[in-house]
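This report goes through one protein chain, from single residues to the whole fold. Look at the sequence and the structure before reading on.

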Amino acid sequence: MATKWWQNDVVYQVYPRSFQDSNHDGIGDIPGIISRLDYIKSLGVTMIWISPIYKSPMVDMGYDIADYQAIDPQFGTLDDFKTLLAEAKKRDIKIIMDLVVNHTSDQHEWFQDALANPDSPYRDFYIFKKTNNGEAPNNWRSIFGGSTWEPVPGEEGTYYFHTFAKQQPDLNWENPKLRRAIYDMINWWLELGVAGFRVDAITHIKKDLDWASIPADDVDGLASVVKKGRNRPGVGEFLTELKQETFDKYDAVTVGEAYGLADSELEKFVGEDGYFSMVFDFSYMNIEVKNGDEWYRGRTNWTPVDLRNAFFNAQEATAAAHGSLANVLENHDQPRVLSKLVTDPQYQTPQAAKALGTMYYFLPGVPFIYQGQEIGMKNFERKSIGEFNDVSSINNYETALQDGYSSEDALLAVNQKSRDNAHTPMQWDDSQYGGFSDATPWLAMGTDREGINVAAEENDPQSVLNYYQALGELHHDATWEPVIINGDFQPMRSLPATVVGYQRRLGQKVLTVLVNLSPKSARFSLVQTGDALEQVGEVQLTKQRVKMVAYSAIVLGNKPEEG
């Protein structure tokens, strides 16, 4: 199978607002990113995904775009962005941006014109409906809570549609003129030199056009919009046209945020001629909660077997579709993995952080590192809902109270799952504001920071940071890179229930990854071992017997002798 240009990349996600402030206003910016490019490169990173930096009122932290072709002034200028592209290129790093085309901000000039004038051509760029009974057009519930329909001021009985927050009106993809405007915008960025896009919420662009109410699924009388507005029949026609009119023309890399995919649909999405280069695997991302949108509904009793089965099943289904996955432990929408997957705080250690990194880094596909993951950043603890910024966290809290949960239980759920956990400023050193800024940051620092910062870890050979740098070196090692990119995936399902283990095979070369995700030790036999390429914690190999202490990991390489 031919290797596509992006298949040997290692990607680093930057959340610009929280990465590095260069102009002393407590908000990260593009010059701040530029100043840290050498650090990012030290991780073996060859591509950076930048969360939205477009002009935005920041209701949803930039995922509400007011101008697709303007940089928000708090992040810098378009010239700053061009400098970032050039400086990254000097370091053989490519830049991909976030592409948010399911919706815009309600401050976008298209929507402002549509609101001001019922006869505006831009009204058909969005979804407006009229009713005569004083009620919303249907009972669909938005992902951020409440009805998907918002009354239009001054037009009685007229509503506009939003899948997410009311300040994020959905675009009308049924309108060819809207689609053309979107394609022209995408091509403008590709001409500028971006290598591609992470494509946000893309399975939501097709809605059921009957707009019919469905049976309520909660006491509010509403039903989740995902049942009628996610991955619906006909979405493929839009995605095919999108690819042909934009990405294909530039050989761009695309990473689809494609919630709601069945295994049978993977070939259409990431197969040989799929809509995207790769998609994220969400099968395990919300493993710890009963409902990925409504976190307050409770925690699950997940086990390492559940986690490894999710990994393995997704990999096997994707391989069958001849596709690729974007492999992640963390992103801007998720809490910190060390706090999420290691439930006992006494084991939330650098060793466990390294073991988790080992677990996912060598899966088939492209590894993504989220800023701060590589130093083992943890969740915070906030004392009141007033300390949160994230719109989904606040909505979850309020919805939980409406559903009869106590304020204590609601706050606990939000602390555990809030996206703000990933948005706390990057910890560059142990100073008051972590070296992120010398001004009060836009969001308060994390509350579990001791020893977890770049300055401390750079000088510690046993640190999480040094380990991620070693993982990057191994990924690009001339001997093992072909195995990591193209090797067959062989899950090891017969290992003890706490051990996630798999092999990558290419010809005679075998890479074996073993991770004990438990506070207890594990013992087992291994038919084929090899030399330790990386090791975390104490792992004893005696002939074919293996003993692993709590939260340990090892990567073994076995290759025939040359000569």
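## A loop with Arg91

Arg91 sits in the loop that runs between helix H3 (78-90) and strand S5 (94-100). The model is a predicted one. The relative accessible area of Arg91 is 17%, so Arg91 counts as buried, the limit being under 20%. Leaving out residues up to four places away in sequence, Arg91 touches Leu37, Asp38 and Lys41.

## Gly44 and its contacts

Gly44 belongs to the loop between helix H2 (37-41) and strand S2 (47-50). With a relative accessible area of 14%, Gly44 is buried. Residues up to four places away in sequence aside, Gly44 touches Val10, Gly472 and His476.

Gly44 can also be compared in position with Pro560. The two are 516 residues apart in sequence, and their C-alpha atoms are 27 Å apart in space.

Asn231 has 12% relative accessibility and counts as buried.

Tyr551 also has a positive phi, about 50°, and is not a glycine. Tyr551 is found in the loop between strand S22 (545-548) and strand S23 (553-558). The relative accessible area of Tyr551 is 6%, so Tyr551 is buried.

## Helix H13

Helix H13 covers residues 407-417, and its buried residues are Ala410, Leu411, Ala413, Val414, Asn415 and Lys417. These buried residues pack against helix H12 (391-402) and helix H14 (420-423).

Asp409 is found in helix H13 as well. Is Asp409 buried or partly exposed? At 45% relative accessibility, Asp409 counts as partly exposed, because the value falls between the 20% and 50% limits. Asp409 and Tyr296 are 113 residues apart along the chain, while their C-alpha atoms are separated by 7.7 Å.

## Nonpolar cores

In soluble globular proteins, nonpolar side chains tend to be buried together. The largest nonpolar core in this model has 144 residues, and Phe81 and Ile182 have the most contacts inside it. Leaving aside neighbours within four places in sequence, Phe81 is in contact with Ile30, Ile53, Ile71, Ile95, Met97, Trp189, Leu192 and Val194.

There is also a second, separate core, made of 14 residues. Phe144, Phe164, Ala201 and Trp211 are among them.

## The chain as a whole

The protein chain has 17 helices and 23 strands. Its radius of gyration is 24 Å, close to the 24 Å given by the globule rule for 563 residues, so the chain is as compact as a globular protein of that length. Along the principal axes, the C-alpha atoms fill a box of roughly 80 × 55 × 50 Å.

Of the 563 residues, 60% are buried. Among contacts with a separation of 6 or more, 69% are between residues 24 or more positions apart. The chain exposes about 21900 Å², and carbon and sulfur atoms supply 46% of that area.

How many positive and negative side chains are there? The chain has 51 positive and 79 negative side chains, and the centres of the two sets lie 5 Å apart.

How values were computed: Residues are numbered from 1 along each chain as its sequence is written. This is a predicted model: local features need pLDDT of at least 70, side-chain atom pairs count only at pLDDT 80 or more; totals for chains, interfaces and linings use all residues. Side-chain values use heavy atoms; hydrogens and water are left out. Helices (H or I, at least four residues) and strands (E, at least two) are DSSP runs, numbered from the N terminus. The radius of gyration is taken over C-alpha atoms; the globule rule is 2.2 Å times the number of residues to the power 0.38. Buried means under 20% relative accessible area, exposed over 50%, partly exposed in between (1.4 Å probe, protein chains only). Contact means heavy atoms within 4.5 Å. Accessible areas come from the Shrake-Rupley method with a 1.4 Å probe; for residues, only the protein chains shown count as cover. Lys and Arg count as positive and Asp and Glu as negative; His and the chain ends are not counted. The place of a charge is taken as NZ of Lys, CZ of Arg, CG of Asp or CD of Glu. A nonpolar core is a set of buried Ala, Val, Leu, Ile, Met, Phe, Trp, Tyr and Cys residues joined through side-chain atoms within 4.5 Å.
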